[in-house]
Amino acid sequence: MASSKKYYISTPLYYVNSRPHIGHAYTTLAADVLKRHLKSIGKDVYLQTGTDEHGINIERISSENNKTPKEWADDVVKDFKEMWKVLHIDYDYFIRTTDDYHQKQVQLIFERLIRSGDIYKGSYDGLYCSSCETFYDESELVEGNCPIHKKPVEKVNEETYFFRLSKYQDLLLKYYSENPSFLSPSFRAPEILRFVEGGLKDISVSRTRVKWGIPVLSDPNHTIYVWFDALINYITGIGYDIEKEKNEKFESFWPCDLHLIGKEIFRFHAVIWPAILLALKLPLPKKVYAHGWWTVDGEKMSKSRGNIINPLDIVKEYGVDVFRYFIFKEVPFGQDGDFSMELLKAKYNSDLANGIGNLFSRTVNMVRKYLDNVMPEKPEDSEIFSRFLAMQKDIYKDIEELQFSLALDKVMKAVSIMNKEVDTKKPWELAKSDTVALKKFLNEMVWCLRLVSRWIYPFMPDTSAKMNMYLAIGKTQHPDVNAAKLTPLFPKK
Ligand code: MSP
């Protein structure tokens, strides 16, 4: 991990035409997992999330519901914030593209780029998918439809402002080659390289037919293209002020360390966004990481397909930590994964109830029974504890590289090693024959389990806190816990 103490992570700004679902939760939770880990090793982490509230879709859905777009957005924003609270997401700032400060800066940025010649007026004749808010080339369509939404695209012909994306082709290619981890995961880089090498066309960045958007200051018949508006959140949210020479907060966190996104918006973040920054003469982000999709029966989970699973239903049945664990353990971050409640239940029982939960209960019970609940000193010359300490480095590295499933695989391996140790050492027999060996063994178990608790913290913060309490982290004995009834961490289902 780089030595600088500051670390800025962003999530996409979610459209407010959909209520939050597993897909949105996935990216935001990934950001939270990374943040919790980095904070625990002493970094000053800033996590920004929020909502993308302009554009034709929001205009349509709000009028269908007899609300103004802003009223509609206010409502959906409440749902997003509530969801982040339930899922224990420790974000620092929730930005909305309707925030006054953001809107003003977007307008000023647009004007600055008109003046520098990076934005110019012309007219557009093309095909548009309003669900993606994206223009498509005929050749990109699948059977005449939008390749993502599989819906017909609209023919659009209007006066528009263009952003001179073509000008930045070479600079972008240079940046990619000098910063090989910018396009992450690496298996997705060729898609972007091919696209940019194939030649960039200037893109339309204003609309005259969309009223619900930020007006172009010098030409208010135009509203600013939602993507141009939304991408800029990554700098306005940390106080970028185009009129100021210096801005401390902005400069302390920019360039962003990690833009976390889903794979369908990789181009916007890996091509258009850095080009806008180049036009503004600002440093480029260090990494854009495009993860895969949660699907249901192979189809992307999304509002337009009507196959949404609400995380709150899972939380109600299993608790928040189980949901957090499952989505990162089951599917390698970066790949697609098919969601299934059956699989969740199976993993719950095998990994959590029989794995960590069982290990925890039996260890705490033995400490009570055989050590009088006095927490032991750190074991010396313990082979297993040293082995566990060595694993920690790898687990941390996995998390920092966003290989969450690998980190959790290692945690589960450690849990299974410990459960096997208990089975083979049979402490209940040692209690009768060799109390010195028994004590040494329980010492090792407690200290190894304390490590496990530390490792699961970013994924399952509540469970970790409960474990810490019973394992009396930093204490020799915990009087409250002494009396407390030990309930299973994960009752079998
Ligand atoms: N508003 C744009 C992003 C602008 S960022 C400046 C947008 N919004 S969205 O509401 O459609 O959210 C897209 C993001 O939500 C994806 O990139 C991904 O992070 C997350 N997901 C939404 N559905 C998803 C799945 N089915 N699976 C995994 N993540 C998905 O695009």
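I started with the ligand: one of its nitrogen atoms is 2.7 Å from a polar backbone atom of Leu13. I counted that as a polar contact, a pair of N or O atoms within 3.5 Å (within protein, one must be able to donate a hydrogen and the other to accept it, and residues adjacent in sequence count only if both atoms are side-chain atoms). Next, a ligand oxygen atom turned up 2.9 Å from a polar backbone atom of Tyr15. I also found an oxygen atom of the ligand 2.9 Å from an N or O atom in the side chain of Glu264. The protein covers 95% of the 660 Å² of accessible area that the ligand has on its own (Shrake-Rupley method, 1.4 Å probe).

A note on my source: this is a predicted model, where local features need pLDDT of at least 70 and side-chain atom pairs count only at pLDDT 80 or more, while totals for chains, interfaces and linings use all residues. Residues are numbered from 1 along each chain as its sequence is written, and side-chain values use heavy atoms, leaving out hydrogens and water.

How many residues surround the ligand? I got 26, and the closest are Leu13, Thr27, Asp52, Glu264 and Trp294; to be near, a residue needs a heavy atom within 4 Å. That shell divides into 14 nonpolar, nine polar and three charged residues (Ala, Val, Leu, Ile, Met, Phe, Trp, Tyr, Cys and Pro are nonpolar; Asp, Glu, Lys and Arg are charged; the others, Gly among them, are polar).

Then I checked helix H1 against helix H12 (residues 320-329): they pack at about 95°, axes 10 Å apart. Helices are DSSP runs (H or I, at least four residues), and strands are too (E, at least two), numbered from the N terminus. Axes are lines fitted to C-alpha atoms, for helices over the stretch in contact, with angles from 0 to 180 degrees between N-to-C directions. So H1 is roughly perpendicular to H12, a label for 65 to 115 degrees.

Last, the backbone. The Ser184 to Pro185 peptide bond is cis, with omega near -10°, and Pro185 sits in the loop between strand S7 (183-184) and helix H6 (189-197). Trp254 and Pro255 are also joined by a cis peptide bond, omega about 5°.

How values were computed: Angles under 35 degrees count as roughly parallel, over 145 as roughly antiparallel, 65 to 115 as roughly perpendicular and the rest as oblique.
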